[in-house]
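Work through the exercises below with the model open. Try each task before reading its solution.

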Amino acid sequence: MKSYKGKCSCGEIEFSFEGEPLNAVFCYCKECQSHTGSDKWFGLWIPTDKFKITKGTPSSYTRIADSGHEVHHNFCSHCGTTVCAEITVANFYSVPATALIKHNFSPNIAIYAASAPEWAVFPEDIPKYDTLPSNMGGI
């Protein structure tokens with residue numbers, strides 16, 4: 001089974017996961033915009049039992065998602081890089097593709113497009129949804 005490794009910007013926190021992501025998502029929700037300082041988050045959805053922190057101890061910030069369930073954002077307290085967001089309602093981590101040491105992932109869906117700023121650019125070759133599609137577990 002293929003494995004992937006990633007880290008925060010300063011290297012204090014390292015992580016890994018096994019297997020292919022459940023999804024590769026551009027999320028344009030307001031929380032992701034605020035969290036990234038950009039128009040979107042590029043998250044790889046990794047089952048919780050396939051993801052692990054391999055070095056360091058991240059700090060955590062918890063917010064309540066649209067579903068009413070908690071989302072735990074885990075980040076490096078030294079450089080501020082988010083290393084994962086635990087999506088408790090659906091039992092996976094959203095891991096930033098950009099924090100991986102090597103990857104060739106591309107997004108395959110765009111969600112919460114209605115919340116995107118008017119200047120946001122969307123990939124033309126993937127499905128785009130104004131909110132979260134109902135078949136995605138109500139996260």
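**Exercise 1: the hairpin**

Strands E1 and E2 form a hairpin with 6 residues between them. Gly11, in the turn, has a positive phi of about 90 degrees. The model is predicted: local features need pLDDT of at least 70, side-chain atom pairs count only at pLDDT 80 or more, and totals for chains, interfaces and linings use all residues. Residues are numbered from 1 along each chain as its sequence is written, and side-chain values use heavy atoms, with hydrogens and water left out.

Task: find how many bridges join E1 and strand E2, and in which sense they pair.

Solution. Strands are DSSP runs of E, at least two residues, numbered from the N terminus. Two strands pair if DSSP finds at least two bridges between them. E1 and E2 (residues 14-18) have 5 bridges, in the antiparallel sense. Tyr4 stands opposite Phe17 in E2. Gly6 has Phe15 as its bridge partner there.

**Exercise 2: Ser16**

Task: is Ser16 buried or exposed?

Solution. Ser16 lies in strand E2. Buried means under 20% relative accessible area, exposed over 50%, partly exposed in between (1.4 Å probe, protein chains only). Ser16 has 12% relative accessibility, so Ser16 counts as buried. Contact means heavy atoms within 4.5 Å. Not counting residues up to four places away in sequence, Ser16 touches Tyr4, Lys5, Lys50, Phe51, Lys52 and Thr54.

Definitions and conventions. Helices (H or I, at least four residues) and strands (E, at least two) are DSSP runs, numbered from the N terminus.
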